[in-house]
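Dear colleague,

I am handing over the structure that you will find below, together with some notes on what turned up in it. Please read the notes with the model open beside them.

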Amino acid sequence: MDKKVFWEKVLLALLPVAGKAHLLSFFNNTIIVSMTDSVLVIGVSLPVSKNFIQERYHRHILEIARNLDPTIHEIRFEVLSGLVDEKHPDSVNVQNLIGSQTPTIRKVPNRQEVIIDGEMRSNIMKYSLDNFIPGTENRLIHAACLAVVAKPGNIYNPLYIYGGVGLGKTHLLQATGNQIQKNHPNKRVVYMTAEKFINEIIDAIGKRHTKPFKENYRNLDCLLVDDIQFFANKATSEQEFFHTFNELYDAGKQIIMSADRPPRELDGLDDRLRSRFAMGMVIEVCVPEFETRFAILRQKCQEHGEIIEREVLEFIAANFTGSVRDMIGILINAIALSKLDNTTPTIRSVAEIMGKLNKTSQFVGLKVDLQKHSVRTLEDVIKVVSDYYKIDRNILIGEERRREIIIPRQICMYLIREILDQSYETIGENFGGRNHTTVLHSCNKIINQLKDDNRLIRDINALKREMGIS
Ligand code: ADP
Ligand code: MG
């Protein structure tokens with residue numbers, strides 16, 4: 001569903017809850033910035049509206065959005081100051097919406113921004129060459145994109161990027177387009193998928209009106225076409241693209257393309273076109289190595305404001321099987337799930353998600369037993385807590401008074417009490433002969449802290465999960 005239509009549906013459903021006045025004052029000109037990775041990002045024009053919406057309507061919006069699209073797990077709000085004076089094509093005019101209850105017509109994007117076909121639009125805000133991690137494998141391609149940004153149409157023209165699914169081709173194309181536009185605001189930069197190009201041609205032909213289409217594309221300074229393998233066996237579109245390509249190329253305009261294979265393997269495509277594609281720079285995006293994969297995951301965590309244990313990220317990176325997109329998907333899934341359960345992702349929870357997706361249970365570096373733990377004894381609980389915090393068992397139950405030991409020790413006592421219903425005396429005996437009042441005090445301390453310490457709640461939930469309890 002189109003983002004704007006989706007947002008209008010949400011707002012209409014919110015109307016009975018929030019009322020007309022609130023909708024008009026706080027939601028006018030709001031937009032959906034992006035809907036990716038199960039996160040819905042909403043753009044609001046003023047900080048005050050953002051705070052208000054967040055406090056009052058966050059939960060309602062999440063509920064409504066999830067009813068419309070169950071893959072959404074999280075909603076975030078962003079202040080986009082440009083929304084007030086510059087009409088964004090996706091921004092919703094609440095007055096019109098409530099008045100007519102029919103969607104408003106999309107405006108043509110202004111020339112200051114890269115023109116992007118609908119679905120991809122959100123990504124332009126997200127993808128940059130800075131957040132593409134080149135690693136050693138893709139250093140060349142990254143450098144080529146930077147060179148094109150510096151001098152579009154000059155070197156590496158056309159630039160042809162090819163490689164497997166989910167390895168960053170779209171990211172690179174959009175990021176490059178975005179940066180060219182930023183550095184050269186007067187240039188006309190257009191990003192589109194080959195599919196979209198084909199559909200537009202078919203449309204134009206149907207309306208017997210191909211002239212504006214042709215002019216539109218031959219007037220550009222930079223054309224980025226994604227997934228050109230789709231031109232195969234589409235003679236008319238291919239022909240049209242060929243002309244567009246030649247005109248732009250002859251005029252020294254920059255062309256960047258991506259495909260799933262090198263030019264010579266583009267079956268079903270005219271030889272002339274194939275050799276044209278190969279005239280400039282042809283580079284393959286490669287599957288990133290472990291270190292790069294790890295760095296990508298760490299960056300994703302930062303983007304989502306999540307702190308996840310290094311070993312969990314290493315585990316995902318080590319068990320990744322091809323597409324970076326899938327790998328990121330697992331991380332996002334784990335984050336979303338842990339948010340729902342109010343825990344923090346662990347190797348175990350990640351392995352469970354991967355197991356469900358790949359139907360395999362053979363993992364590299366899996367130290368935990370995927371079979372549910374059954375904690376029966378006090379020692380079982382001590383073992384799980386000591387593994388979780390990486391504190392030696394004897395230190396955990398010993399005398400040391402460091403804060404980073406005391407808290408796990410108190411948590412451990414609390415869990416034994418709660419899960420196994422052991423007496424304070426027994427727990428005390430197993431913790432180096434401590435007095436039962438000390439144990440009581442420790443348990444109460446945790447109970448009290450659980451009222452408002454979110455970090456502790458997450459830890460305890462994760463520990464219970466480790467024990468196969470929650
Ligand atoms: P493709 O178009 O090749 O199928 P995408 O460009 O859609 O792949 O990439 C899939 C996802 O992986 C995107 O979220 C992209 O940001 C991410 N990604 C892939 N490679 C990298 C990388 N080297 N650094 C950062 N993110 C990456
Ligand atoms: Mg792509």
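A polar contact, as the term is used in this email, is a pair of N or O atoms within 3.5 Å; within protein, one of the two must be able to donate a hydrogen and the other to accept it, and residues adjacent in sequence count only if both atoms are side-chain atoms. By that definition, the side chain of Tyr127 has an N or O atom 3.4 Å from an oxygen atom of ligand 1.

Please keep in mind that this is a predicted model, in which local features need pLDDT of at least 70 and side-chain atom pairs count only at pLDDT 80 or more, while totals for chains, interfaces and linings use all residues. Residues are numbered from 1 along each chain as its sequence is written, chains are lettered from A and ligands numbered from 1 in the order in which they are written, and side-chain values use heavy atoms, with hydrogens and water left out.

His171 places a polar side-chain atom 2.6 Å from an oxygen atom of ligand 1, whereas Leu167 has a backbone N or O atom 3.2 Å from an oxygen atom of the ligand.

The helix packing comes next. Helices (H or I, at least four residues) and strands (E, at least two) are DSSP runs, numbered from the N terminus; axes are lines fitted to C-alpha atoms, for helices over the stretch in contact, and angles run from 0 to 180 degrees between N-to-C directions.

Helix H6 (139-150) packs against helix H7 (residues 169-183) at an angle of about 25°, with the axes 9 Å apart. H6 is therefore roughly parallel to H7, since angles under 35 degrees count as roughly parallel, over 145 as roughly antiparallel, 65 to 115 as roughly perpendicular and the rest as oblique. In this pair, Ile141, Cys145, Val148 and Val149 of H6 are in contact (heavy atoms within 4.5 Å) with Leu172, Thr176, Gln179, Ile180 and Asn183 of H7.

For helix H12 (residues 290-303) and helix H14 (residues 324-340), the packing angle is about 45° and the axes are 10 Å apart, which means that H12 is oblique to H14. H12 contributes Arg293, Ile296, Leu297, Lys300 and Cys301 to the contact, and H14 contributes Val324, Met327, Ile328 and Leu331.

Helix H18 (residues 403-420) and helix H20 (residues 436-449) have axes that come within 8 Å and cross at roughly 95°, so H18 is roughly perpendicular to H20. Here Gln410, Ile411, Met413, Tyr414 and Arg417 of H18 meet Val439, Ser442, Cys443, Lys445, Ile446 and Ile447 of H20.

Finally, there are some backbone details to look at. The peptide bond from Asn157 to Pro158 is cis, with omega near -10°, and Pro158 sits in the loop between H6 and strand E5 (159-162). Asp227, although not a glycine, has a positive phi of about 60°, and it is found in the loop between strand E7 (222-226) and helix H10 (235-250). Asn233, also a residue other than glycine, has a positive phi near 60° and is placed in the loop between E7 and H10.
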